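Here are some friendly notes to read alongside the model. Please keep the sequence and the 3D view open as you go through the points.

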Amino acid sequence: MEDRGGAASSAEGDDTLARLQLAALDAVANAIVFTDARGTIFWVNAAWASMTGYSRDEVIGQNPRILKSGAQDKAFYAELWRTVLAGRVWRGELINRRKDGSTYHEEETITPLCDAAGKVTHFVAIKQDISERKRVEQRLRESEERALRAAQELTVAKERAESADKIKSAFLATMSHELRTPLNSIIGFTGILLQGMAGPINPEQKKQLQMVRDSSRHLLALINDVLDISKIEAGQLEVRCEPFELSPVIERAVASVRPRAEQKGLALEVSAPAGLAPVSSDARRVEQVLLNLLSNAVKFTDHGRVSLEVAADAERVSMTVRDTGVGIRPQDLAALFQPFRQLDTGLSRNHEGTGLGLAICRRLAELMGGEVRAESEWGGGSAFTFVLPRRRGAP
Ligand SMILES: Nc1ncnc2c1ncn2[C@@H]1O[C@H](COP(=O)(O)OP(=O)(O)OP(=O)(O)O)[C@@H](O)[C@H]1O
Ligand SMILES: [Mg+2]
């Protein structure tokens, strides 16, 4: 009884298991197809039907080639067949066509089943639709290509900008040379005429010649400023680093503004510690910064005094130009150092200039490792401090 019962329940169990397995195969998300050795379909699961759009009844007895889209060539299928007929598993991607004509990408594994003699008798193909993944991959590729193209365009644009920059600098350098040469000769010959070396001149001629000389000098200074700022902005201005005595540099800068200060009735005072040790920097540029600060102080002061105070320690020299002039509004202090910025004080149009002086000063000071700071009180005068490291690179 027990045996019979056991045999019966085992046979029943086999049957149940087979039905369960089939139900499971039908329930999985992957599409599954069974074919014979020639590829004739004799079973597909529900996922296969929904993936291809063909009903089971339609495809039993058919060959999977009904799904061929034509996107892959003969050699591709020949390789597939060679593999599976040799009894090996084939894995790959196929581009197939559904019943409704739309194409899709699938990832497929074809496993051949062999008999005892090793002859292929069946194939089991398990596949999954990877169209979405392909779409995402394609989109990703496109984005990458777009990013690459954008990067290339950027490189081209950058190179173009750089070469345009070089052309601009070369143009400015040549132009300013071309402009400066005749200007220098105008200034030189006007000087000769003024000194009476070419014969006597009357007072009116002298006055007019002085105007010619002043305007030419002014134009020359302007050209130099424009050239400086362009070079600085293009990162092409280099400052020297050579030891020099600071006192003569200070004296020259002060001497340049003294006539104008005297003309305006301003006191001009310098206080510097005795025996200033030499500094290693660019003497011409230090003088240029000082001269700019001093001439601003004289320009924007109508009454009182302009002073230059020099203080030095082991690392740096600080030079403060102080005036009792119009002063600067607190909100305008930040804009001071921008190129071509002249403050709208209502007064500034009375003063000539282009608004380049302080922009150049600050950048020159920075190139020399230092800085220019401004403090001011509206209506109460200003103080500009130029801090210069004793050696370039020192803090
Ligand atoms: N000592 C100062 N007192 C009051 N305002 C000043 C002083 N120095 C500069 N400024 C203000 O800052 C502006 C910018 O100064 P900056 O030296 O750059 O130009 P500028 O003197 O007008 O022209 P440039 O120096 O190019 O001939 C000036 O136009 C002025 O309004
Ligand atoms: Mg100025």
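1. Let us begin with A31, which touches N45, A47, W48, M51, K127 and Q128, leaving aside residues up to four places away in sequence. Two residues are in contact if their C-beta atoms, placed from the backbone, lie within 7 Å. A31 sits in strand β1 (residues 31-36). Helices (H or I, at least four residues) and strands (E, at least two) are DSSP runs, numbered from the N terminus. A31 counts as buried because 21 C-beta neighbours lie inside 10 Å. The cut-offs are these: buried means 20 or more other C-beta atoms within 10 Å of a residue's own, exposed means 12 or fewer, and partly exposed is in between, with C-beta atoms placed from the backbone.

2. A word on the source: this is a predicted model, in which local features need pLDDT of at least 70 and side-chain atom pairs count only at pLDDT 80 or more, while totals for chains, interfaces and linings use all residues. Residues are numbered from 1 along each chain as its sequence is written, and chains are lettered from A and ligands numbered from 1 in the order in which they are written.

3. The protein is divided into domain 1 (2-129), domain 2 (136-233) and domain 3 (242-389), with bounds that come from an automatic or database domain assignment. Between domain 2 and domain 3, the C-alpha centres are 24 Å apart. Their contact takes 5 residues from domain 2 and 6 residues from domain 3. On the side of domain 2 that touches domain 3 there are 3 nonpolar, no polar and 2 charged residues. Here Ala, Val, Leu, Ile, Met, Phe, Trp, Tyr, Cys and Pro count as nonpolar, Asp, Glu, Lys and Arg as charged, and the others, Gly among them, as polar.

4. α5 has 64 residues and reaches 91 Å from its first C-alpha to its last, close to the 94 Å expected at 1.5 Å a residue; the expected span is 1.5 Å times one less than the number of residues. How many of its 64 residues are buried? The count is 1, and α5 is hardly covered. T155 is found in α5 and counts as exposed because it has 10 C-beta neighbours inside 10 Å. From T155 to T354, 199 residues apart along the chain, the C-alpha separation is 35 Å.

5. Just after α5, G196 takes a positive phi of about 75 degrees. G196 lies in the loop between α5 (131-194) and α6 (203-233). Why is G196 exposed? It is exposed because 10 other C-beta atoms lie within 10 Å.

6. Helix α7 (residues 246-263) has a kink of about 35 degrees at V257, shortly before the proline P259. The bend at a residue is the angle between axes fitted to the seven residues ending there and the seven starting there. L246, V249, I250, A253 and V257 are buried in α7. Its buried residues pack against elements including β6 (242-244), β7 (267-271) and α8.

7. Finally, look at ligand 1. Of the 22 residues around ligand 1, Q342, L343, G353, G357 and L358 come nearest; a residue is near a molecule or strand if its C-beta atom, placed from the backbone, lies within 6 Å of it. The largest share of this shell, 3 residues, comes from α9. By class, the shell holds 9 nonpolar, 10 polar and 3 charged residues.
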